[in-house]
Amino acid sequence: MKRIHLLLLSLSSGLLLAASWPENGFAPLIFVALVPLLFIQQYLGDHKKRGVFWYAWFAFITWNALTTWWIWYSTDVGSILAIALNSLFISVIFYLFHISKVKLFQNQKGFIILLFYWISWEYFHMNWDLTWSWLNLGNVFASIPTWIQWYEYTGTLGGTAWVILVNIVIYHILKLGFSKIDKPLLILNRILLILLLFVPMTISFVMYENYVEKADPIEVVVVQPNTDPYNEQYDKDPIILLDKNLSLADQKVTNTTDFLVFPESTLYDGVRSIWESHLESSPLIRELKNYAADHPHLSIMIGASTHRELDKNEKPGHAARKFHNSETYYYSYNTALLIDTLDIQVYHKSKLTPGVENMPSWGILKPLEKMAIDLGGTIGSLGTDNDVLVLTNDKAQKVAPIICYESVYGEFVVKRIREGASVIFVITNDGWWGNTPGHRQHFLFSVLRAIETRRSVARSANTGISAFINQRGDVFQRTGYWEPAVISQQINVNDKLTYYVRNGDYIARVSVFISALVLLIAFVQGFLRKKKSLV
């Protein structure tokens, strides 16, 4: 096989991965997208040739570039780093799979190793400073909720396992078909493929058709103000911007409305700032308290940029900022506030966007903090909550506040459901990317979270997409992009816990254990072979 053939196979994998991706991709292509790379690995392994890593990187950088190019709109350097590094990381995983397969099975067996390594990587990638899990394979079915109702048992990592297993079986079918030998094995693989494809789909269709929500409604109003994050949100008088939001709310709020939801970072005061030690000294908060007093049945969730001064004996973390001309420190937060007539509750975004809200604390990467996007003067790492928090209104209704990027992470959301949240409110500002696939892809993560947790979702986006999502993942009243809107709907709360909520990413924990065992065995075997050759 010539190098050009290997390059074309690599390119094919990258193009197939990209062409399968939502929102407008054709998802079934994902089931063959890794097959060309598997042929490359088998050929190079059989002929003891190098290059697996580079062909994998070419495929994965093609995929990343074609699906997440829109990051450029918010940060040029950040987009290049995100695409290059994400591709690099998964290429390393593919190369480790190649090495393990060659060392343990002389390249004749062992494709299943890829399943455990890939899932282990996705899990790790969701839980470190450079997390960017946008392209986890299980996310590919977000636009087809009827296929993945069983995510309430497995989470998206079950989808990742499904994708990899089907690719491996299709590879074997093609290889056996080309060789025209071992027809019984070929027939067995064909039967296995049919089962792998249609059993999960059939189970999902049955679950979808038979899932009935328990009637326990709350009335929610969602506001989409359509404030330009580059030219309005941090430059205009914040009182004027808040009045704009409240004017939209007035169109739908009634005496039966339980919750009013505004998007991320709606409240920003660059002059007076919003300090958590005395929230009601902010004119913005006072106006909202007055609005709540006029609607005593109502609870208001709203995004805000807030700050907290550290106590005298509190040790500053890496996100702490030093006051000018003072030895004291403070934290800045991306915050969700729940305001009613009795109280103001505070939640801080705790899954921060790398390169924007969180710069790794590693010294070698400290200079990159200067490249972080300017969120209205809040540049660099933000503070987070140490505890898992849900917000409870004066009617004892518990809400999981999910801010922007947090909606990407299934197990992160699950922890809030375990704390008693019966409904999910996603607040976000997707205006940074313009009218690109970015905001549409981001919206679909809320569909996945609804299915995994069987919780209704109300989503408020500054510039779109805002919507309601039921517990099956069906979308209602989806708003357009870059237009002001206000929507109202009754959605059902739910206090039952799915298997995935109770157990989290158990598939990942099993995969990590098996991956560590495989790597250990491969290392020991390699060491023993080397020692034997020296003797």
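Me: What does the largest share of the lining of the largest cavity come from?
Reply: That share, four residues, comes from helix 5. Bear in mind that this is a predicted model, in which local features need pLDDT of at least 70 and side-chain atom pairs count only at pLDDT 80 or more, while totals for chains, interfaces and linings use all residues. Residues are numbered from 1 along each chain as its sequence is written, and side-chain values use heavy atoms, with hydrogens and water left out. Helices (H or I, at least four residues) and strands (E, at least two) are DSSP runs numbered from the N terminus.

Me: How many cavities are there of 30 Å³ or more?
Reply: The count comes to four. On a 1 Å grid over the protein atoms alone, a cavity is a set of points where a 1.4 Å probe fits but cannot get out, whereas a pocket is an open set with protein on both sides within 12 Å along at least five of seven lines, and lining residues have an atom within 4 Å of a point.

Me: What volume does the largest cavity have, and which residues line it?
Reply: The volume is about 90 Å³, taken as the space filled by probe spheres set on grid points that are joined across faces, edges and corners. The lining consists of Trp-63, Asn-64, Asn-86, Ile-90, Trp-118, Trp-121, Glu-122, His-125, Trp-132, Ser-133, Leu-135 and Asn-136. Helix 3 (52-68), helix 4 and helix 5 are the elements that give two or more residues to that lining.

Me: And how does that lining split by class?
Reply: There are six nonpolar, five polar and one charged residues, where Ala, Val, Leu, Ile, Met, Phe, Trp, Tyr, Cys and Pro count as nonpolar, Asp, Glu, Lys and Arg as charged, and the others, Gly among them, as polar.

Me: Switching to the rings, how many aromatic pairs does a search of the whole structure find?
Reply: The search finds 44, a pair being rings of Phe, Tyr and Trp (its six-membered ring) with centres within 6.5 Å, and planes under 30 degrees apart count as stacked, over 60 as edge-to-face and the rest as tilted. One of them is the tilted pair of Phe-97 and Phe-111, at 6.2 Å centre to centre with 40 degrees between the planes. Because Phe-97 lies in helix 4 (residues 76-105) and Phe-111 in the loop between helix 4 and helix 5 (112-125), this pair ties together parts that are 14 residues apart in sequence.

Me: Are those two buried or exposed?
Reply: Both Phe-97 and Phe-111 are buried, which is under 20% relative accessible area, with exposed meaning over 50% and partly exposed in between (1.4 Å probe, protein chains only). A pair that links distant parts of the chain joins Trp-134, in the loop between helix 5 and helix 6 (151-154), to Trp-433, in the loop between strand 9 (423-428) and helix 12 (437-453), 299 residues apart. That pair is edge-to-face, at 5.9 Å centre to centre and 90 degrees between the planes, and both Trp-134 and Trp-433 are buried.

Me: What lies over the face of Phe-111?
Reply: Lys-101 does, at 4.2 Å from the ring centre; the rule asks for NZ of Lys or CZ of Arg within 6 Å of the ring centre and within 35 degrees of the ring normal. Elsewhere, Arg-416 has its charged end over the ring of Phe-412, 3.8 Å from the centre of that ring.

Me: How much space lies in the second largest pocket, and which residues are closest to its centre?
Reply: That pocket holds about 450 Å³, and of its 23 lining residues the closest to the centre are Ser-350, Lys-351, Leu-352, Thr-384 and Phe-412. By class, its lining has seven nonpolar, eight polar and eight charged residues.

Me: Where is Arg-321, and is it buried or exposed?
Reply: Arg-321 is in strand 4 (residues 321-322) and is buried, with a relative accessible area of 15%. A polar atom of its side chain lies 2.8 Å from the backbone oxygen of Ser-381.

Me: Last topic, the backbone: which peptide bond is cis, with omega near 15 degrees?
Reply: One of them runs from Pro-22 to Glu-23, and Glu-23 lies in the loop between helix 1 (3-20) and helix 2 (35-46). Another runs from Gly-464 to Ile-465, again with omega near 15 degrees.

Key:
Polar contact = N/O pair within 3.5 Å; in protein donor to acceptor, adjacent residues only side chain to side chain.
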